[in-house]
Amino acid sequence: QVQLVESGGGLVQPGGSLRLSCAASGSIFSINIMGWYRQAPGKQRELVATITNLERTTYADSVKGRFTISRDNAKNTVYLQMNSLKPEDTAVYYCNLRSRGLDYWGKGTLVTVSS
């Protein structure tokens with residue numbers, strides 16, 4: 001059983017920065033992929049970024065060069081540093097852990113980019 005808890009969401013102006021955190025607890029298998037997904041109202045949930053336990057990363061084209069995903073394996077925590085934020089980044093951001101063929105999800109944290 002795995003639990004994920006996100007934090008760090010909020011209101012930020014266009015061009016601003018925000019850092020999201022996700023702490024995992026429970027039975028965490030060392031071989032896993034953690035990532036961030038987002039969903040805007042009326043839209044499908046989409047992948048933002050992922051990072052493996054060996055720190056191989058993947059990014060959506062829309063966030064390349066602006067967002068950076070990282071992790072601290074000792075703390076079972078994944079981060080998403082978001083810079084140069086745009087209004088279209090507004091969404092609920094969800095933390096994900098994939099391991100042993102299963103997906104685990106956090107409850108999400110809202111990011112609103114608006115002036």
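Which side chain of opposite charge is nearest to Arg71, and how far away is it?

Modeller: This is a predicted model, in which local features need pLDDT of at least 70 and side-chain atom pairs count only at pLDDT 80 or more, while totals for chains, interfaces and linings use all residues. Residues are numbered from 1 along each chain as its sequence is written, and side-chain values use heavy atoms, with hydrogens and water left out.

The nearest side chain of opposite charge to Arg71 is that of Glu55, 6.5 Å away. In this count Lys and Arg are positive and Asp and Glu negative, whereas His and the chain ends are not counted. Arg71 is buried and has no salt bridge. Buried means under 20% relative accessible area, exposed means over 50%, and partly exposed lies in between, with a 1.4 Å probe and protein chains only. A salt bridge requires a side-chain nitrogen of Lys or Arg within 4 Å of a carboxyl oxygen of Asp or Glu.

Arg71 belongs to strand β7; strands (E, at least two residues) and helices (H or I, at least four) are DSSP runs numbered from the N terminus. The side chain of Arg71 makes a polar contact with that of Asn73, at 2.6 Å. A polar contact is a pair of N or O atoms within 3.5 Å; within protein, one must be able to donate a hydrogen and the other to accept it, and residues adjacent in sequence count only if both atoms are side-chain atoms. Setting aside residues up to four places away in sequence, Arg71 touches several others, including Asn32, Met34, Thr52, Glu55 and Tyr79; contact here means heavy atoms within 4.5 Å.

Side chains of opposite charge can pair when their charged atoms come close. The structure holds five salt bridges, and one of them joins Arg38 to Glu46, with 2.8 Å from N to O. Arg38 is buried, with a relative accessible area of 6%, whereas Glu46 is partly exposed at 37%. Arg38 also meets Asp89 in a salt bridge of 2.9 Å, N to O. This second pair links distant parts of the chain, 51 residues apart: Arg38 is in strand β4 (residues 33–39), and Asp89 is in the loop between β8 (77–82) and β9 (91–99). Both Asp89 and Arg38 are buried. A network of salt bridges links Arg38, Glu46, Arg66 and Asp89.

Another salt bridge joins Asp61 and Lys64, whose closest N and O atoms are 3.0 Å apart. Asp61 counts as exposed because its relative accessibility is 63%, and Lys64 counts as exposed at 51%.

Leaving aside neighbours within four places in sequence, Met82 is in contact with residues including Leu18, Leu20, Arg66, Phe67 and Tyr93.
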